[in-house]
Amino acid sequence: MAKMFVVLKREYLERVRSKWFIIVTILGPVLLGVIMILPIALAMKTKTSGRLSDVVIIDATATDLGTSVAKSLTSMSPSARAPRVRKVTAEQIPPEEERATSEVMRQEALGYLVLDASTLAGKEMRYAGRNATALIDVENIERAVRQSLLSQRLEREGVDASRISALTNIRLETRTEKITDRGKEGASGMASFFFGYGVALVLYMMIAIYGQSIMRGVLEEKTTRVAEVVVSSVKPDTLLAGKIIGSGMVALTQMTAWLVVTYLIYLARGPILEKLGAPAMAGGAMRVPSVEPLVGVALVLFFVLGFIFYAALFGAVGAMVSNQEDVQQAATPVMILLISSIVFMQPILLNPSSTLAVTMSVLPFSAPLMMPLRMALIAVPWYEIVGALLSVAVGCWIAIWLSARIYRVGLLMYGKRPSLRELARWIRMA
């Protein structure tokens with residue numbers, strides 16, 4: 001135990017005292033805040049194209065739908081060129097499309113819109129132009145067509161034309177609020193969404209960064225022959241345990257510092273968001289969801305167990321190979337396990353109670369990320385949390401058992417990367 005403490009102390013102090021650790025610890029929350037807040041602020045500032053009305057409308061509906069759409073587009077960008085409405089028959093649509101395409105290519109128009117019988121039926125409209133990939137432009141064009149079509153239908157039903165705009169132009173702001181077993185929480189559903197996303201992302205970063213750090217450290221000691229000196233006085237198992245625990249303490253230290261700095265940024269969120277042009281989010285909408293003490297303990301346990309699971313595997317990978325070229329390939333299976341959790345993050349965020357979410361939150365390799373994500377979004381039953389913790393604990397035991405045997409033999413083995421058969425022999429020999 002004393003020797004493991006020496007290894008642990010060395011790993012911890014060597015990393016904490018480094019200049020890069022201090023820089024990343026201070027700037028990490030700032031960069032994370034920029035990544036999460038800036039896109040939201042920019043999205044709120046995003047406006048439609050200034051030339052949205054500079055389009056050709058090919059109207060084959062035999063109605064005034066094209067003229068109505070032109071008026072709607074003009075109101076969205078009054079300073080641009082007015083839309084050109086060309087009333088045609090269904091047979092004339094192809095040549096008119098070719099003509100409009102040429103005009104767009106010569107930059108005489110931004111794009112062209114085709115309205116036909118399927119548009120009148122409420123099924124389809126077609127748009128082609130230089131801004132066809134600008135989602136907000138396409139959405140505004142679609143809204144203009146939809147409102148014009150609705151107005152036309154209401155007129156046919158005898159509704160006063162002067163009342164149509166007031167009846168159809170409705171914009172609602174959706175406000176959500178999370179409800180837990182204790183009642184209304186006060187935080188919005190969107191705040192819980194981003195909070196859960198942030199928790200899973202931070203856990204992933206810590207496991208990936210410090211797990212690979214252990215792998216590189218083992219490889220460096222092996223290639224420089226330092227390991228041969230160290231194992232003469234310390235057992236390989238003790239050395240591996242000291243490295244994992246020491247690096248884990250470094251990760252916990254950095255996470256604690258990040259939480260403190262993040263909280264300070266959160267206190268100053270109002271002025272920051274107002275300067276970024278998102279004043280509506282500066283108040284209660286940005287309230288962080290509350291975390292119960294037992295949930296907080298569970299989050300820490302998931303991080304610790306998940307870190308031990310992946311750190312043991314990365315340590316074994318570092319002991320298996322003898323050069324930097326092989327280490328990346330050897331670490332690929334471990335990274336696939338870790339990345340597979342992130343791949344399923346979006347569907348679980350959208351539906352944290354689905355069968356996929358429950359399954360991914362009990363598997364040993366994905367539970368350290370997916371269960372904290374679900375816990376931040378919804379009230380997960382206690383038996384699911386306990387089952388996930390037991391699953392990860394069993395996975396840790398298996399990973400440590402395998403990694404310790406590979407580490408014990410591989411630390412002093414040099415040459416080519418071992419095959420699966422040789423790895424099995426190492427495990428039996430150890």
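Modeller: Helices (H or I, at least four residues) and strands (E, at least two) are DSSP runs, numbered from the N terminus. This is a predicted model, in which local features need pLDDT of at least 70 and side-chain atom pairs count only at pLDDT 80 or more, while totals for chains, interfaces and linings use all residues. Residues are numbered from 1 along each chain as its sequence is written, and side-chain values use heavy atoms, with hydrogens and water left out.

Colleague: Does Ser341 count as buried or exposed?

Modeller: Ser341 belongs to helix α14 (residues 332-343). Apart from neighbours within four places in sequence, Ser341 contacts Met360, Phe365, Ser366, Leu369 and Met370. Buried means under 20% relative accessible area, exposed over 50%, and partly exposed in between (1.4 Å probe, protein chains only). Because its relative accessibility is 0%, Ser341 counts as buried.

Colleague: Which residues form the uncovered face of strand β2?

Modeller: Strand β2 (residues 84-87) runs parallel to β1 (residues 55-59), to which 4 bridges join it. In this pairing (at least two DSSP bridges), Asp59 stands opposite Lys87. The covered face of β2 holds Arg84 and Arg86, and the uncovered one Val85 and Lys87.

Colleague: With which residue does Asp64 form a salt bridge?

Modeller: The structure holds 10 salt bridges, each a side-chain nitrogen of Lys or Arg within 4 Å of a carboxyl oxygen of Asp or Glu. Asp64 is exposed at 54% relative accessibility and lies in the loop between β1 and α3 (65-76), 23 residues from its partner in strand β2. With the closest N and O atoms 3.3 Å apart, the partner is Lys87.

Colleague: What relative accessibility explains why Glu97 counts as buried?

Modeller: Glu97 forms a salt bridge with Arg126, their closest N and O atoms being 3.0 Å apart. This pair joins helix α4 (residues 93-105) to strand β4 (residues 126-129), across 29 residues. Arg126 is partly exposed at 31%, whereas Glu97 counts as buried because its relative accessibility is 15%.

Colleague: Which residues are linked with Arg86 in a network of salt bridges?

Modeller: Arg86 lies on the covered face of strand β2. The residues linked with Arg86 in the network are Glu96, Arg99 and Glu103.

Notes:
Contact means heavy atoms within 4.5 Å.
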